[in-house]
Each structure stands twice: as C-alpha cells, then as structure tokens.
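Below is a short briefing on one protein chain, grouped by topic. Please have the sequence and the 3D view open while reading.

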Amino acid sequence: MDDLPALPILEVPSLLNSPSLTHIYDLPEELIVNILRRLYSDHLARSRVVSKTFSDISTKVRSVNLLCPLDRYTNSGRRPTPFKIIITDLILSTGDVDSISIGVEERANHKSLDVKLDDLYLTEVSFVYRWLKRVCGGLTSLSISDYRMHSRRKWSEVLSLISFHCKNLHELVLKNAWLSTNGLSSAMLMLTSLTLEFVRLDDEDLDKVNSCCPSLQILNLILVEGLKNPQIDLLHLRTYHYVGFRVETTAWLPLIRAPHLTSYEVGFGRGIDEISRLEFGLDPVVYRPRSITFVRPPH
C-alpha cells in the first residue's frame with residue numbers, strides 16, 4: 001500500500017498514554033476514520049461487520065482504494081466479475097469521494113496476462129469518464145496504476161480528461177501508462193504533487209506539464225520514456241525526483257528553473273527494484289548538479 005496517497009498524521013500523545021485508553025473505541029472518531037482510510041476498500045467492507053460502531057464510522061470514509069490481484073485472471077474456475085465494473089459500482093455507490101486509488105498488482109516473475117485484456121486497461125478514457133464526472137468536484141487525490149504490460153501498448157488521453165474535470169485535485173499519480181498530451185490545455189491550478197512512474201509521455205520537453213501544472217511543489221518522474229531535452233520551469237517546485245533508464249551525463253539532466261527548489265534526487269535503473277541513486281549539490285538560480293555521488297541500493 002505504499003502507493004496510497006499520504007494522509008495527515010493525528011498527534012495525540014497525551015491520549016495514547018492515558019490509562020483510560022483501553023479499547024480502540026476510546027480513540028477519537030477522527031483518528032479511527034483516518035486509520036480506516038488507509039485500508040483497501042474490500043478490507044474496509046469487512047471491517048463493517050466487526051461492530052455497529054465500526055459500521056457507522058466507516059460510512060464517513062470518503063476514499064476508495066482498490067488493487068486488482070493478478071490471480072483473479074490466472075486461477076481456474078468461473079470468470080470473475082470485471083474489475084472495471086467493481087471499481088465503477090463502488091465509486092458511484094460511495095457518493096462523496098475525495099480520494100481514489102485504483103491499480104493492478106505488480107508481482108515479480110508473474111506470468112504475463114493477455115495484453116488485450118481490457119479489464120486491466122484502467123487509463124481507458126471512457127472507463128475513467130464514467131465515474132470521474134460524478135466525483136470530480138470534491139476529488140483531491142487520484143492514483144491510477146495500469147497493468148504494466150499496457151504501458152507501451154495502450155495509448156490514453158486520460159491526462160487531458162483529468163485536467164479538464166478535476167479543478168480541485170491536489171495530488172495525481174499515474175503509473176504504467178502511455179500518456180498522450182493531446183488536448184492538455186486546462187491548467188490544474190490546485191495540483192501540488194505529480195508522480196509519473198513507468199510511463200511513456202508524449203511531451204518531449206515537458207512544456208505541457210509546465211503549463212498545465214504551474215503550482216507543483218513535488219514532481220516525481222520515475223522511468224519516464226519519451227523525454228528529449230526536458231526543461232522544468234515551475235515557480236513553486238520544492239522537491240524533484242527523477243529516475244532514468246541509464247546513467248545520464250550531467251549535461252543531459254533536465255534544466256530546472258525553480259527558485260524554491262530544496263530537494264533534487266536522481267537515480268537510474270531498468271526497473272523499480274534496480275534503481276541506483278545520485279546525490280548532489282545544486283547551483284543557485286538555474287539548477288544543474290555540481291557534484292555527484294552514486295548511491296547503490298542495498299542488496
């Protein structure tokens with residue numbers, strides 16, 4: 001569940017040390033709701049049968065978190081309910097939603113599924129539009145992780161769809177997708193955090209990202225294909241994380257115009273588990289690395 005949106009931490013040290021705290025129901029309701037928000041939606045549904053109190057409190061959870069296990073399509077037996085139908089029904093039945101995280105399980109050495117399996121094509125525009133149009137007004141966090149095998153085969157304009165409808169979105173995560181920037185003209189002025197991971201992006205110089213996301217404070221570009229001479233021009237950017245597929249020369253690394261940048265991390269690797277990282281200082285005003293230290297991941 002590491003890819004779920006970060007949630008606020010409630011600090012209640014005096015309460016937790018209190019001798020009167022003997023049961024979970026003694027916790028503040030706000031804290032219980034915060035805990036339940038971190039559960040996948042199927043686990044949340046099971047928690048409702050624990051007690052009437054849990055059932056009542058769980059109705060105040062305004063998030064949908066669903067991860068599709070690959071075993072749904074490899075185990076023998078009857079054909080499972082399409083995952084897209086489960087997602088759509090759950091979102092529309094939940095009503096007032098502020099956070100959505102949907103994705104497909106990633107597992108090393110798992111037998112590849114049929115790449116034509118559209119049920120795992122979660123960045124399909126018609127599918128996303130079906131539920132996004134109903135919840136976009138209150139949505140502040142959205143994460144969509146496609147099936148990895150679709151990332152180079154399934155072209156999607158979902159980024160344009162999201163930018164047009166989600167004017168209050170603060171955090172956006174898109175993984176394992178081929179993202180077109182056709183029609184990407186609506187600025188997401190509230191968006192402060194953007195993560196693109198293992199995607200093919202049709203925006204060679206990042207000009208569309210710069211213009212569409214002017215308020216970004218956090219930008220993560222992890223194993224993104226399609227970039228050529230990218231330049232980042234974001235006034236409010238504070239944290240930038242870039243991972244390429246190979247060790248890049250310092251001259252190729254993106255030119256960054258971000259006067260408030262305080263954290264810049266670079267890595268390289270063919271897969272998420274094979275990333276080696278670079279740490280370096282930054283020159284003022286226009287940022288390029290001054291010195292580089294290679295930090296290889298522990299084995």
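**Overview**

Of the 299 residues of the chain, 46% count as buried, where buried means under 20% relative accessible area, exposed over 50%, and partly exposed in between (1.4 Å probe, protein chains only). This is a predicted model, in which local features need pLDDT of at least 70 and side-chain atom pairs count only at pLDDT 80 or more, while totals for chains, interfaces and linings use all residues. Residues are numbered from 1 along each chain as its sequence is written, and side-chain values use heavy atoms, with hydrogens and water left out.

**Whole chain**

- The chain has eight helices and 16 strands; helices (H or I, at least four residues) and strands (E, at least two) are DSSP runs, numbered from the N terminus.
- Among contacts in the chain with a separation of 6 or more, 59% come from residues 24 or more positions apart; contact means heavy atoms within 4.5 Å.

**Cysteines**

- A search of the whole structure finds zero disulfides, a disulfide being a pair of cysteine sulfur atoms within 2.5 Å.
- The closest cysteine sulfur to that of Cys-212 belongs to Cys-213, and at 4.3 Å it is too far for a bond.
- Cys-212 counts as buried at 3% relative accessibility, and Cys-68 is buried with a relative accessible area of 1%.

- Five of the five residues of strand E7 (residues 193–197) are buried, so E7 is largely enclosed by the rest of the structure.
- Ser-193, Thr-195 and Glu-197 point one way from E7, Leu-194 and Leu-196 point the other way, and all are buried.
- E5 and E7 run parallel and are joined by five bridges; two strands pair if DSSP finds at least two bridges between them.
- Within the E5 to E7 pairing, Ser-193 in E7 is the bridge partner of Glu-171.
- Five bridges also join E7 to strand E9 (residues 218–222), and these two run parallel; Leu-196 stands opposite Leu-221 in E9.

**Open sheet E4-E6-E8**

- Three strands form an open sheet in the order E4-E6-E8, with parallel pairing.
- Strand E4 (155–156) and strand E8 (200–201) stand at the edges, each with a single partner strand, so one side of each is left without a neighbour in the sheet.
- E6 and E8 are joined by two bridges, and Leu-179 stands opposite Leu-201 in E8.

**Loop residue Asn-176**

- Asn-176 lies in the loop between strand E5 (171–175) and strand E6 (178–179).
- Asn-176 is buried, with a relative accessible area of 1%.
- Its side chain makes a polar contact with the side chain of Glu-106 (2.7 Å); a polar contact is a pair of N or O atoms within 3.5 Å, where within protein one must be able to donate a hydrogen and the other to accept it, and residues adjacent in sequence count only if both atoms are side-chain atoms.

- Ile-86 sits in helix H5 (residues 83–94) and is partly exposed, with a relative accessible area of 30%.
- Not counting residues up to four places away in sequence, Ile-86 touches Leu-66, Arg-72 and Thr-81.
- The buried residues of helix H6 (residues 125–135) are Phe-127, Val-128, Trp-131, Leu-132 and Val-135.
- Seen down the axis of H6, these buried residues fall within an arc of 105 degrees, so they line one face of the helix; the arc is that of the directions from the helix axis to the C-beta atoms.
- The buried residues of H6 pack against H5, strand E2 (99–104), strand E3 (141–145) and helix H7 (158–165).
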